[in-house]
Amino acid sequence: MWDLAESPVSIALIESFYNSGKPIALVCHSPGVLRHVTYQGAPLVKGKRVTGFTNGEEDEVQLTHVVPFLVEDELTRLGATFDKLPNWQPHAVVDGRLITGQNPTSSTVAAQTLMNLLAAVATAA
């Protein structure tokens, strides 16, 4: 959230992957790196369903005033529909080639979702 979300190299890499048709998957705070990522001139997350570390989870770990921005607020500001379950529940959201996971407990379900998406693409090819 301090470095990769502001890194032109990171932003260009994510845009390159997405623009070439590859899926991208991010979990917990990492969906925050999408704050400057664009697709066809608009924020990548605009109009997409996403998840990430929630404001409630941030509050529970008492980091609301430490992090540079709140993932939930930032993705919503960019036009995403932020989907969440109660704090600390495993949860992943798929919108096209974008996969996001809510919190650390979502790592497994997000990884399985990515593997299923890659398998489906391989089968279709």
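## Contacts of Leu34

Two residues are in contact when they have heavy atoms within 4.5 Å. By that rule, and not counting residues up to four places away in sequence, Leu34 touches Ile14, Ile24, Leu26, Leu44, Val45, Leu75, Leu78 and Leu98. The model described here is predicted.

## The nonpolar core

Leu34 is also among the residues with the most contacts inside the largest nonpolar core, together with Ile24, Val45, Val50, Leu75 and Leu98. This core has 22 residues. Helix α1, strand β1 (24-27) and helix α3 (71-77) each supply at least two of its residues. The largest share, three residues, comes from α1.

Helix α1 spans residues 8-19 and includes Glu15. Glu15 is buried but has no salt bridge. Its nearest side chain of opposite charge belongs to Arg97 and is 12 Å away. A salt bridge requires a side-chain nitrogen of Lys or Arg within 4 Å of a carboxyl oxygen of Asp or Glu. Leaving out residues up to four places away in sequence, Glu15 touches His36, Val37 and Thr38.

## Thr51 in a loop

Thr51 sits in the loop between strand β4 (49-50) and helix α2 (55-60). Its relative accessible area is 0%, so Thr51 counts as buried. The side chain of Thr51 reaches the backbone oxygen of Asp83 at 2.6 Å.

Apart from neighbours within four places in sequence, the residues in contact with Thr51 are Pro31, Leu75, Phe82, Asp83, Lys84, His91, Val93, Thr100, Gly101 and Gln102. One of these, Leu75, is also listed among the residues with the most contacts inside the largest nonpolar core.

## Two aromatic pairs

The structure holds two aromatic pairs. In one, the rings of Tyr18 and Tyr39 have centres 5.0 Å apart and planes at 85°, which makes the pair edge-to-face. Planes over 60 degrees apart count as edge-to-face. Tyr18 lies in helix α1 and Tyr39 in strand β2 (residues 38-39), so the pair ties together parts that are 21 residues apart in sequence. Tyr18 is buried, because its relative accessibility is 4%, while Tyr39 is partly exposed at 28%.

Phe53 and Trp88 form an edge-to-face pair, with 5.5 Å centre to centre and 65° between the planes. Phe53 is in the loop between β4 and α2, and Trp88 is in the loop between β5 (81-82) and β6 (92-95). This pair links distant parts of the chain, 35 residues apart. Phe53 is buried, with a relative accessible area of 4%, whereas Trp88 is partly exposed at 30%.

Definitions and conventions: Residues are numbered from 1 along each chain as its sequence is written. This is a predicted model: local features need pLDDT of at least 70, side-chain atom pairs count only at pLDDT 80 or more; totals for chains, interfaces and linings use all residues. Side-chain values use heavy atoms; hydrogens and water are left out. Helices (H or I, at least four residues) and strands (E, at least two) are DSSP runs, numbered from the N terminus. Buried means under 20% relative accessible area, exposed over 50%, partly exposed in between (1.4 Å probe, protein chains only). Lys and Arg count as positive and Asp and Glu as negative; His and the chain ends are not counted. A nonpolar core is a set of buried Ala, Val, Leu, Ile, Met, Phe, Trp, Tyr and Cys residues joined through side-chain atoms within 4.5 Å. A polar contact is a pair of N or O atoms within 3.5 Å; within protein, one must be able to donate a hydrogen and the other to accept it, and residues adjacent in sequence count only if both atoms are side-chain atoms. Rings of Phe, Tyr and Trp (its six-membered ring) pair if their centres lie within 6.5 Å; planes under 30 degrees apart count as stacked, over 60 as edge-to-face and the rest as tilted.
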